[in-house]
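Here are my notes on this model, point by point. Please keep the coordinates open while you read.

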Amino acid sequence: MVKLTRKLETIEPSATLAITALAIKMKREGKDVISLSAGEPDFPTPRNIKDEAIKAIENDFTHYTPESGITELKEAIAEKFEKEWGIKYNVNEVIISNGAKHVIFNALFALCDEGDEVLVITPAWVSYIEQIKLAGGKPVIVETKEDNDFIPDPKEVERKISPKTKAIILNSPHNPTGAVYPKDVLIKIAETATSKGVFIISDEIYDKLSYDEECVPLVHLIPEAKENILIVNGASKAYAMTGWRMGWGLGPANLIKAMGIIQGHMTSNPCSISQKAALEAVRGPQDEVTEMAREFKERRELICSLLEKAPYMTFRKPKGAFYLFPNITKALGKSFKGEVIEDDITLARKLLEEKLVAIVPGKAFLAPGYIRISYAASRKDIEEASKRIIEFLEELV
Ligand SMILES: Cc1ncc(COP(=O)(O)O)c(C=O)c1O
């Protein structure tokens, strides 16, 4: 047995990827599994983007690129941001990484000294906590509640700030709750953090998927705090490009430079071909982004209306991203075919085994008693899966 680093003793594997892997395995065994567990659009990457990638290969754009990405793509991202939000970033304030996940990891690695605290708002996306620990930091939880639509209380954020607090991670639209933070809450948190020297990582990967109001980048709300904010975004969700691994960060030059150095030693550079594809995504027509967002909005209506009548389950209508986050505490303690549903993990497993529907237990997001249902699936799958979920809940005794 190889002796591994002590750091890994507290690191959990990604629960969403684990459930997705199990669902894929069952599908391969020929089972009629419907997967509502994955955090990715089910649409194909738009044709024009794929064509640019093919062109990149044909033109032999297949070698190392600068470690923090090609200037052309950085410029395109900065230009689009300035055009849309009126805030200018220079190329040395932009980094291209292998997905938004990698941007956040680079940032945490650049920011955290051993034992530095990073505030995380829970429920939280699976990787924040583990990334903070891997970077040597200490996650400090700021809880949000369903009663308050999972919106963080700025005063609670302030209470959790200590002399060791290095950064806070914000995520709106939010995975897994679908919350979109009100502007005044975001401004208040940003003001507090900035006044106390706490850096803000603003994960805006779902910004194109805000259904009731436009999602505005944090730096646009509080431009005076620009030097204290890293905006994280990417191509995965907006352009249906999860597999291409294209994320980017916009932030202060010294942080971006440090992140580039870390990335250079770790991966040399983001994939050359994906960068050309992302360039087309950012510069090319945006109609498919709008169309996908419109379709997700309709699917939100569909899934909410289908599951409204499900027993033992309550939920808030999500305002953004593509997840429903029902409270299933009323189902706990009941039995399905003789097995007691002790927690959300048992419920998720039983639902997969018995009704062939894959969802993610809330525990993965530090929210036991909840489940996350992704509606990034076809309407047919949403309808059939909702029927099976209701059947499952009705059969509980
Ligand atoms: C909140 C959040 N941030 C970041 C990411 C990572 O996205 P990427 O595919 O760009 O690494 C995800 C993906 O699920 C996410 O849900």
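1. Ground rules. This is a predicted model: local features need pLDDT of at least 70, side-chain atom pairs count only at pLDDT 80 or more, and totals for chains, interfaces and linings use all residues. Residues are numbered from 1 along each chain as its sequence is written, and side-chain values use heavy atoms, with hydrogens and water left out.

2. A buried aromatic pair. W125 and Y128 are both buried; buried means under 20% relative accessible area, exposed over 50%, and partly exposed in between (1.4 Å probe, protein chains only). The structure holds 13 aromatic pairs. W125 and Y128 form one that is edge-to-face, at 5.1 Å centre to centre and 75° between the planes. Rings of Phe, Tyr and Trp (its six-membered ring) pair if their centres lie within 6.5 Å; planes under 30 degrees apart count as stacked, over 60 as edge-to-face and the rest as tilted.

3. An aromatic cluster. F43, Y206, F296, F322 and Y323 belong together in one aromatic cluster.

4. Charges over rings. Which residue lies over the face of Y89? K226 does, at 4.4 Å from the ring centre. K276 places its charged end over the ring of F61, 4.5 Å from the centre. The criterion: NZ of Lys or CZ of Arg within 6 Å of the ring centre and within 35 degrees of the ring normal.

5. The ligand shell. How many residues surround the ligand? There are 13, and the closest are A100, D203, S236, K237 and R245. A residue counts as near if one of its heavy atoms lies within 4 Å of the molecule. The shell divides into five nonpolar, four polar and four charged residues. Here Ala, Val, Leu, Ile, Met, Phe, Trp, Tyr, Cys and Pro count as nonpolar, Asp, Glu, Lys and Arg as charged, and the others, Gly among them, as polar.

6. A polar backbone atom of A100 is 2.7 Å from a ligand oxygen atom. An N or O atom in the side chain of S236 is also 2.7 Å from an oxygen atom of the ligand. For the side chain of K237, the distance from an N or O atom to a ligand oxygen is 2.6 Å. The protein buries 93% of the 400 Å² that the ligand exposes when taken alone. A polar contact is a pair of N or O atoms within 3.5 Å; areas come from the Shrake-Rupley method with a 1.4 Å probe.

7. Cis peptide bonds. The bond from T122 to P123 is cis, with omega near -5°. P123 lies in the loop between β3 (117-122) and α5 (126-134). S172 and P173 are also joined by a cis bond, with omega about -10°. P173 sits in the loop between β5 (165-171) and α7 (183-195). Helices (H or I, at least four residues) and strands (E, at least two) are DSSP runs, numbered from the N terminus.

8. Positive phi. D149 is not a glycine, yet its phi is positive, about 55°. D149 lies in the loop between β4 (138-143) and α6 (154-160), and is partly exposed at a relative accessible area of 35%. S268 has phi near 65°. Its loop runs between α9 (253-267) and α10 (272-283). S268 is partly exposed, with 31% relative accessibility.

9. A348 is in helix α12 (residues 344-355). Is A348 buried or exposed? A348 is buried, at 2% relative accessibility. The C-alpha atoms of A348 and I359 are separated by 6.1 Å, and the two residues are eleven apart along the chain.

Note on methods
A polar contact is a pair of N or O atoms within 3.5 Å; within protein, one must be able to donate a hydrogen and the other to accept it, and residues adjacent in sequence count only if both atoms are side-chain atoms.
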